[in-house]
Amino acid sequence: TPAAEAGKPGLIGRILGRSEADEPRRVLDDAMLESLEELLIEADMGVDTAMRVAANIAEGRMDRRISATELKVALADEVARIMAPVARPLPLYAKRPQVVLVVGVNGSGKTTTIGKLAAQFKAAGKSVVIAAGDTFRAAAVEQLQIWGTRAGVPVLTAPEGSDPASLAFDAMTRAQETGADLLLIDTAGRLQNRADLMEELAKIVRVIRKKDETAPHNTLLVLDATTGQNAVAQVEIFRKIADVSGLVMTKLDGTAKGGVLVSLADKFGLPIHAIGVGEQIDDLQPFDPEDFARALVG
Ligand code: GDP
């Protein structure tokens with residue numbers, strides 16, 4: 001995995017050292033359990049999830065000798081067990097166009113993720129249309145146009161400051177007329193004015209439903225791994241303002257190992273459709289619970 005390749009120090013390695021086979025086996029006592037909890041909290045799992053994970057590992061192992069290797073395996077297994085049910089690729093429907101609304105705060109990686117998704121679906125033989133729905137950020141529109149060119153996918157834009165809902169409606173019309181398989185709609189990420197954003201997203205949904213009452217078929221929330229536990233608050237906020245159906249976590253190629261995904265899976269159970277592992281067009285991967293767990297534990 002990219003995280004493992006980057007050679008980041010593993011969680012358990014940091015409390016118990018890196019020695020494996022010949023290390024002294026320590027008794028799993030309250031003190032060790034507590035350091036494990038602290039470690040998991042430090043890894044962005046959040047207090048509740050960290051305590052639950054630690055407790056599950058302790059079950060049946062308390063007051064027995066355990067090696068760092070055994071502890072690593074137990075932790076990785078537990079994390080993979082929690083993550084397995086949420087590891088699901090973006091579901092594809094027969095519906096044409098399948099409308100995917102992409103939401104998230106500015107800087108989270110929405111534009112990049114849309115570009116990568118467009119390229120992936122294009123490569124899989126699907127016809128894709130992108131709507132540059134963040135009409136207030138000229139830079140975002142330009143970026144999307146660059147991604148569209150790279151992916152070979154048309155990007156519909158509207159003049160700066162114009163109504164994103166009207167652009168979404170036009171994009172929907174175009175996607176229907178051209179028989180596109182997928183319509184990816186970018187949206188604004190200005191959380192500073194939550195009420196406005198909520199209204200804007202609701203209006204986009206209202207107008208695209210005039211053309212297809214089952215749309216949007218997915219509402220993808222893009223989260224930045226480097227924001228750590230902050231991602232929990234973002235899920236809470238976006239779930240209030242949009243009908244979030246799944247997550248993409250970006251920037252897992254950096255030092256952040258995405259421990260917050262464990263608490264997100266534990267708290268919300270929302271599917272994780274993909275992870276971003278770089279700035280290039282093919283740096284979007286399916287979420288693999290076992291790879292993720294191994295990279296997290298180290
Ligand atoms: P937006 O404001 O949500 O549309 O965010 P952008 O897509 O413009 O991304 C913000 C920054 O994060 C850009 O510099 C991207 O290149 C970078 N970025 C996005 N996804 C990833 C990723 O998976 N890994 C890395 N390293 N950088 C990313």
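**Close-up 1. Threonine 187 sits in the loop between strand S6 (182-186) and helix H9 (194-211).** Helices (H or I, at least four residues) and strands (E, at least two) are DSSP runs, numbered from the N terminus. This is a predicted model, in which local features need pLDDT of at least 70 and side-chain atom pairs count only at pLDDT 80 or more, while totals for chains, interfaces and linings use all residues. Residues are numbered from 1 along each chain as its sequence is written, and side-chain values use heavy atoms, with hydrogens and water left out. Is threonine 187 buried or exposed? Its relative accessibility is 1%, so threonine 187 counts as buried (under 20% relative accessible area; exposed is over 50% and partly exposed in between, with a 1.4 Å probe and protein chains only). The threonine 187 side chain reaches the backbone oxygen of valine 102 at 2.7 Å. Beyond neighbours within four places in sequence, the contacts of threonine 187 (heavy atoms within 4.5 Å) include Leu101, Val103, Lys110, Asp134 and Ile204.

**Close-up 2. Strand S7 (residues 218-224) is mostly covered, with seven of its seven residues buried.** Asn218, Leu220, Val222 and Asp224 point one way from S7, while Thr219, Leu221 and Leu223 point the other way. On pairing (at least two DSSP bridges between two strands), strand S3 (residues 98-103) joins S7 in the parallel sense over four bridges. Here, asparagine 218 in S7 is the bridge partner of valine 100. Strand S8 (residues 246-250) also pairs with S7 in the parallel sense, over five bridges, and there aspartate 224 stands opposite threonine 250.

**Close-up 3. Phenylalanine 287 and phenylalanine 292 form a tilted ring pair.** How many aromatic pairs does the structure hold? The structure holds one. Its ring centres are 5.2 Å apart and its planes lie at 55°, so the pair is tilted. For such pairs, the rings of Phe, Tyr and Trp (its six-membered ring) have centres within 6.5 Å; planes under 30 degrees apart count as stacked, over 60 as edge-to-face and the rest as tilted. Phenylalanine 287 is buried, with a relative accessible area of 7%, and phenylalanine 292 counts as buried at 7% relative accessibility.

**Close-up 4. Arginine 150 lies over the face of tryptophan 147, and arginine 190 over that of phenylalanine 136.** Arginine 150 is 4.4 Å from the tryptophan 147 ring centre. For arginine 190, the distance to the ring centre of phenylalanine 136 is 4.8 Å. A charge sits over a ring if NZ of Lys or CZ of Arg is within 6 Å of the ring centre and within 35 degrees of the ring normal.

Conventions:
A polar contact is a pair of N or O atoms within 3.5 Å; within protein, one must be able to donate a hydrogen and the other to accept it, and residues adjacent in sequence count only if both atoms are side-chain atoms.
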